[in-house]
Amino acid sequence: MKTIDAVFVTPPSRLAVYQGLSNNLAAIEPPVWSSLIANYLIKKNYTVRILDAEAENLTHEQTAEKIAKLDPHLAVFMIYGQQPSASTQCMPGGNKTCTKLNELSENSINTLVVGTHASALPEKTILEEPYNYVCQGEGPLTIINLIDFIKGKINDVKKIPGLWYKDKDKNISFNKSAKMFEQLDKDLPGQAWSLLDMTKYKAHNWHTFGRLTSRENYASLQTSLGCPFKCTFCCINAPFERNTIRFWSPKHIGSQVKLLVEKYKIFNIKIPDEMFVLNPKQVSETCDEIINTGYGNKLNFWAYARIDTLEDDQMLKKMLKAGIRWLGLGIESSSKHVRSGVIKGRFDNYNIEGIVKKVRDMGFYVGANYIFGLPDDNLDSMKETLDLSLRINSEWANFYSAMAYPGSQLHQLAKTNKWYLPEDKGGPGWIGYSQHAYETLPLRTEHTKASTVLDFRDKAFDTYFKNSNYLSMMSNTFDENTVNHLNEMTSFKLKRKHHKEDVNY
């Protein structure tokens, strides 16, 4: 007799997605959505487990064996990555694990896939992937109703919101969307930390510059859901009904921080919200609650912000006092023309370099994000973006190749223009959407081949992190151990398929 209602599974993906970077440099992220929905079910007296194959360093086969041994009513494959657009490249890991589980259990365990990718392409997912069911949406209401259906408490599968499935005649069917939760404190009251081994998680290397030995004291804490913006390269809102943002209360967030510090001795915390620094009142009140815990001076948060949300100096001072040390800033491109082509004039009237200098002078560290290969990019504009990054010389920089992630407007543009995508015939498949994989296949531009964009990105990474001005600044800001770590990081070279095999892109 089955005793477990649901097992939330994070399948193994890190090795394929990050190559050798997965060994020491990439973070091991706590599964935020798994822990949120697990806690939702626990509060309603369901029996749940979380199986994080990434944290436990399991193979696909070992993961499948553990699920089979637990023998739940429902195995929920949570396909998310370390940032909002990173679901697609984790799909192959889920596919391999579920296929193996189906073999081991002789298809006796019901399976559901949840994630940004599945929400963006539900029909394709139910057609091509090995899962019994696909969730389109956030998941909690779909999952709880599906469990009740499997257990015989609901007799009509059509009553399960947000569900895609094949009916008895093998025809694809889907139900109306699940209602979005609006009162997050009440509906999703925190993450199920007790179901996780919090000693197994590890911060990004840069998050702990100056104290690299503290990387294992790490958690990821969600404070809002969704995003009100419509950047064409982003698919964050694929699971949601509309472009909107919902918040947990500052009091709730403060209590979660207190719990993480006092019970788990965690001080390095990522806020994975698509945009934390957005509403000055929400940010300021949240910071007040964190400051009131008395731990602000010990904490090391990082969070996303926009160039045009950093004008309120009083808010920024509170953020520092609350322990928010790092700001992830989406600069994207140095070219207003290139930016306006994908994000409709985003912060075009702002002095990017001046604002970055202001927040750094105040005491923040900056992780600047740049994208090469946006639709209007050419080699000259990409060089301008690299030059901008070198002038800013921030403590960290992420260099991305533009990807037309499923669920983004850029994906539709690529389809319209008939630009080659990873899922097209002869392509590498979903793993091609990974920034760091061997099979990486970014988007081409109006002027530049995909392979040229990728080569430019890889050379830009080396140029930035080997730059003497950068290394000198890092030595003065942090210490020589950090510089030695950076030198070790740049000694690792990503292997790229188009350098080793005959490919046409």
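Biologist: How many cavities of 30 Å³ or more does the structure hold?

Modeller: This is a predicted model, in which local features need pLDDT of at least 70 and side-chain atom pairs count only at pLDDT 80 or more, while totals for chains, interfaces and linings use all residues. Residues are numbered from 1 along each chain as its sequence is written, and side-chain values use heavy atoms, with hydrogens and water left out. On a 1 Å grid over the protein atoms alone, a cavity is a set of points where a 1.4 Å probe fits but cannot get out, whereas a pocket is an open set with protein on both sides within 12 Å along at least five of seven lines, and lining residues have an atom within 4 Å of a point. With a size limit of 30 Å³ or more, the number of cavities in the structure is two.

Biologist: How much space lies in the second largest cavity?

Modeller: The lining of the second largest cavity is made of M403, A404, Y420, L421, P422, Y433, L441, P442 and L443. Grid points are joined across faces, edges and corners, and a volume is the space filled by probe spheres set on the points. For the second largest cavity this space is about 30 Å³.

Biologist: Which helix gives the most to the lining of the second largest pocket?

Modeller: The second largest pocket has a volume of about 370 Å³, and of the 20 residues that line it, P12, S13, R14, L15 and A16 lie nearest its centre. Helices here are DSSP runs of H or I with at least four residues, strands are runs of E with at least two, and both are numbered from the N terminus. At least two lining residues come from each of α1, α2, α4 and α6, but the helix that gives the most, with four residues, is α1.

Biologist: Is A26 buried or exposed?

Modeller: A26 is found in the loop between α2 and α3, and, leaving aside neighbours within four places in sequence, A26 is in contact (heavy atoms within 4.5 Å) with R14, Y18, L21, K202 and R215. The C-alpha atoms of A26 and A203 are separated by 7.8 Å, although the two residues are 177 residues apart along the chain. On a scale where under 20% relative accessible area means buried, over 50% exposed and in between partly exposed (1.4 Å probe, protein chains only), the value of 9% makes A26 buried.

Biologist: Why do the buried residues of α5 line one face of the helix?

Modeller: In α5, which spans residues 60-70, the buried residues are H60, T63, A64 and I67. What covers them includes β1 (6-10), β2 (48-52), α4 (53-56), β3 (74-79) and α6 (91-105). With the arc taken from the directions from the helix axis to the C-beta atoms, these residues line one face because, seen down the axis of α5, they fall within an arc of 95°.

Biologist: What kind of aromatic pair do W302 and Y304 form?

Modeller: Rings of Phe, Tyr and Trp (its six-membered ring) pair if their centres lie within 6.5 Å, with planes under 30 degrees apart counted as stacked, over 60 as edge-to-face and the rest as tilted, and by this rule there are 25 aromatic pairs. The rings of W302 and Y304 have centres 5.0 Å apart and planes at 75°, so the pair is edge-to-face.

Biologist: How many residues apart are W396 and F465?

Modeller: W396 and F465 form a tilted aromatic pair, with 4.7 Å from centre to centre and 45° between the planes. W396 is buried, at a relative accessible area of 6%, and F465 is buried too, at 0%. The pair links distant parts of the chain, since W396 lies in strand β15 (residues 396-401) and F465 in helix α18 (residues 450-465), and their separation is 69 residues.

Biologist: What is the relative accessible area of T490?

Modeller: T490 lies in helix α20 (residues 480-490). Neighbours within four places in sequence aside, T490 is in contact with F461, D462, F465 and K466. T490 is buried, and its relative accessible area is 4%.
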